[in-house]
Amino acid sequence: MALIEMTNVSKSYESGSLKVQALSGVKLSIEANEYVALMGPSGSGKSTMMNILGCLDIPTAGRYLFADRDITTLKDNQLSEIRNRQIGFVFQSFHLLPRATALDNVELPLIYSGLSPEKRRARAMASLEQVGLSERMQHTPSELSGGQRQRVAIARALVNNPSLILADEPTGNLDSKTGIEIMALIATLHAQGNTVIMVTHEADIARQAGRIVKLRDGRIESDLPT
Amino acid sequence: MLFFENIRIAFHNLRSNPLRSFLILIGMAVGIGAVLHVVVLGKMTQQRIDKRLQQMGANVLLIRPGVSRRHGVRTAESTVNLKWKEADELLEHSAALSHAVPVYSGNGGLVYGNKNWSSQITGTTVDYQFVNNDFPVEGRFFNQDELDQRRRVSVIGSTVHKELFGERSPIGETIFIKSKRFTVIGLLKAKGESWTNPDNQVFIPLTTAQERLFGAAHLSSILAKMRSSEDFEEALFDIETVLRRSHRLSEDKKNDFRVRRQDFFLQAVQETNQDLADFIIVIALVSLVVGGIGIANVMLISVTERVREIGIRRAIGAKKHAILTQFLTESVILGILGGLLGITGGMAFNHFYIGEEALILWDWVGYSFAICAGIGVVAGLYPAFRAANRNVIDSLRYE
Ligand SMILES: Nc1ncnc2c1ncn2[C@@H]1O[C@H](COP(=O)(O)OP(=O)(O)OP(=O)(O)O)[C@@H](O)[C@H]1O
Ligand SMILES: [Mg+2]
């Protein structure tokens, strides 16, 4: 069985009288250890798709199986648990807690998994080391550069050994040089055996992935290996 | 685990907004402080009332000269004098009274050896001890012979004893009262201070007081004891009949004496005390409600300020109840801090306002603490519930 199995997934938003069809009838299957790039023009539904993949949101129609579990039937608590233990999310705007140190930010998912403080600390430190930030553990986000912040976010995504790493435009807020470093880090994560799905606007970044899925108007336009 | 984490987060947030946190606590603190103050004050007044009730014999009426205006407001001491023979007439005439004791009181200096002291000197008759249930613990009260013969014998209160004799037995000693030699024959039991100090008194035969010490033919008051509290109406009627006749008051004249029932007076004090307490309790409750609303308000603001944080925590796996308890913990801590501030503030206020003897009622401290924590829970519930039930994606995208 594939890690991700989407059949006829649709998502619509209703804002007032207006109904926006963000996704319509998406069928997608992704195996463990794949590296998939998600592309498409602005408003095509990439982020919507990532949110559903990451169990942050549920489809309005269709079926989404993640690791053989039907996400649409799960309760909020179960979704939280999946997000906590199986999914690592990297956002375009980092989404770090501003007043917490890098170490505290990385420890955060482990707090909700109920790990002891000693284990939390050890795992968070290892994770920060993995992204090359051992020297910056006690700094708060405002004391870090954009690239360093995104490294902290990646360390946080890694810290629970997730089955899936989702990155929605991880280089979107970074200059091109820092962006290249972050992409190299993500490529390494994939090489170490992680499943990675990444949204990007840039074709040469997408080419690093093994497979490119293109969205247009909430539908899959193309799905090709690189 | 999450519990300690929540406490840590709560203090972290309170510290990052110290002024706001403090301002919010003041409302709670004032409420709790006021409650503690009123409760302590009420308890202490009640204790004094109880003590006073023990000090004076029950069912005692105090008859003093003076025109009684409305509600017993005292007028300038009148020229009317109460007489010893009137006390005897009262007892003779009224079946409702068991005793009627004449009293003449004045202040005077006492000397024993090289010690000086000043106290109330009360001249009275043998029956005084029965009216007030006030019997010597050492020695004896003076007797009828000593009264008839104007003997210079004295029965002293415990304060006088302490000041003049210290620990020593005073019986048989010679003291000077207003420079006249007296023998101490009795020591009364200590009754304790209430509004006045009844222990700072010396009792001597009325004859001695009137003729040898003060040169007065009249009385300060008459203490009349009723046979039972139901006899009050009858006793009052009898007293008025006897005294009006004796004072030759015509129909249109008001009484030139006042009758006060001591326990009634205390009842009035008690009621005033209670009214005041009720009033302050209401104010305290209002300020607690206001404090609670303040906490709720600050928590709502806090939730709004931290929408993104909520989104982040939820996105990385915090369950709804984790968010709920996080905010609830924070508001309970606010409540508790408000309570502690109020409790310490209230105690400090009691200490300065009432003094060293201010009671510390630990049970009420406990209640206050619990009430504040409870207010924290109630005030925090809605904001915490709102926080927990926010949509994750909307929270993450919130600007
Ligand atoms: N919460 C929402 N409420 C209403 N409409 C929404 C919401 N989220 C997304 N949409 C709409 O759904 C459509 C898809 O949005 P989505 O964010 O998935 O696009 P995207 O491909 O990620 O675009 P971009 O490249 O700009 O990030 C858009 O038309 C957007 O306006
Ligand atoms: Mg997007």
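How many bridges join strand β4 (residues 61–66) of chain A to β5(A), and do the two run parallel or antiparallel?

Tutor: Two bridges join β4(A) to β5(A), and the strands run antiparallel. The model is predicted, so every value here is computed from predicted coordinates. Within this pairing, Phe66(A) stands opposite Arg69(A), which belongs to β5(A).

Now place that pair in its sheet. Four strands of chain A form an open sheet, ordered β2-β1-β4-β5, with antiparallel pairing. Its edges are β2 and β5 (69–70) of chain A, each of which pairs on one side only. In general, strands of a sheet pair through backbone hydrogen bonds, and the pairing can be parallel or antiparallel.

Go to the other end of the strand order. Strand β1 (residues 4–15) and strand β2 (residues 18–30) of chain A are joined by nine bridges and run antiparallel. Ser15(A) has Leu18(A), in β2(A), as its bridge partner. The hairpin of β1(A) and β2(A) has two residues between the strands. In that hairpin, Gly16(A) takes a positive phi near 70 degrees.

Strand β2(A) leads on to ligand 1. Both β2 and α1 (46–53) of chain A supply at least two residues each to the shell around the ligand. Helix α1(A) gives the largest share, three residues. The residues around ligand 1 number 14, and those that come nearest are Ser42(A), Gly43(A), Lys46(A), Ser47(A) and Thr48(A). By class, the shell has four nonpolar, seven polar and three charged residues. The site is shared between chains, because residues from both A and B surround ligand 1.

For Ser42(A), a side-chain N or O atom is 2.5 Å from an oxygen atom of ligand 1. For Lys46(A), the distance from a side-chain N or O atom to an oxygen atom of the ligand is 2.8 Å. Ser47(A) also places a polar side-chain atom 2.8 Å from a ligand oxygen. On its own, ligand 1 has 630 Å² of accessible area, and the protein covers 71% of this.

Chain B joins chain A in surrounding the ligand. Some local details of chain B follow.

Take Ser302(B), in helix α9. Its relative accessible area is 3%; a residue under 20% counts as buried, so Ser302(B) is buried. Beyond its neighbours within four places in sequence, Ser302(B) is in contact with Arg20(B), Phe327(B) and Glu330(B). Ser302(B) and Phe385(B) are 83 residues apart in sequence, and their C-alpha atoms are 13 Å apart in space.

Next is Arg306(B), in the loop between α9 (262–305) and α10 (307–315) of chain B. Arg306(B) is buried because its relative accessible area is 7%. With neighbours within four places in sequence left aside, its contacts are Ile9(B), Asn13(B), Gln326(B), Phe327(B) and Glu330(B).

Finish with helix α7 (residues 206–214) of chain B. Its buried residues are Leu206(B), Thr207(B), Thr208(B), Ala209(B), Gln210(B) and Leu213(B). An α-helix has 3.6 residues a turn, so residues three or four places apart point the same way. Just after α7(B) comes Gly215(B), with a positive phi of about 55 degrees.

Terms used: Residues are numbered from 1 along each chain as its sequence is written. Chains are lettered from A and ligands numbered from 1 in the order in which they are written. This is a predicted model: local features need pLDDT of at least 70, side-chain atom pairs count only at pLDDT 80 or more; totals for chains, interfaces and linings use all residues. Side-chain values use heavy atoms; hydrogens and water are left out. Buried means under 20% relative accessible area, exposed over 50%, partly exposed in between (1.4 Å probe, protein chains only). Two strands pair if DSSP finds at least two bridges between them. A residue is near a molecule or strand if one of its heavy atoms lies within 4 Å of it. A polar contact is a pair of N or O atoms within 3.5 Å; within protein, one must be able to donate a hydrogen and the other to accept it, and residues adjacent in sequence count only if both atoms are side-chain atoms. Accessible areas come from the Shrake-Rupley method with a 1.4 Å probe; for residues, only the protein chains shown count as cover. Ala, Val, Leu, Ile, Met, Phe, Trp, Tyr, Cys and Pro count as nonpolar, Asp, Glu, Lys and Arg as charged, and the others, Gly among them, as polar. Contact means heavy atoms within 4.5 Å.
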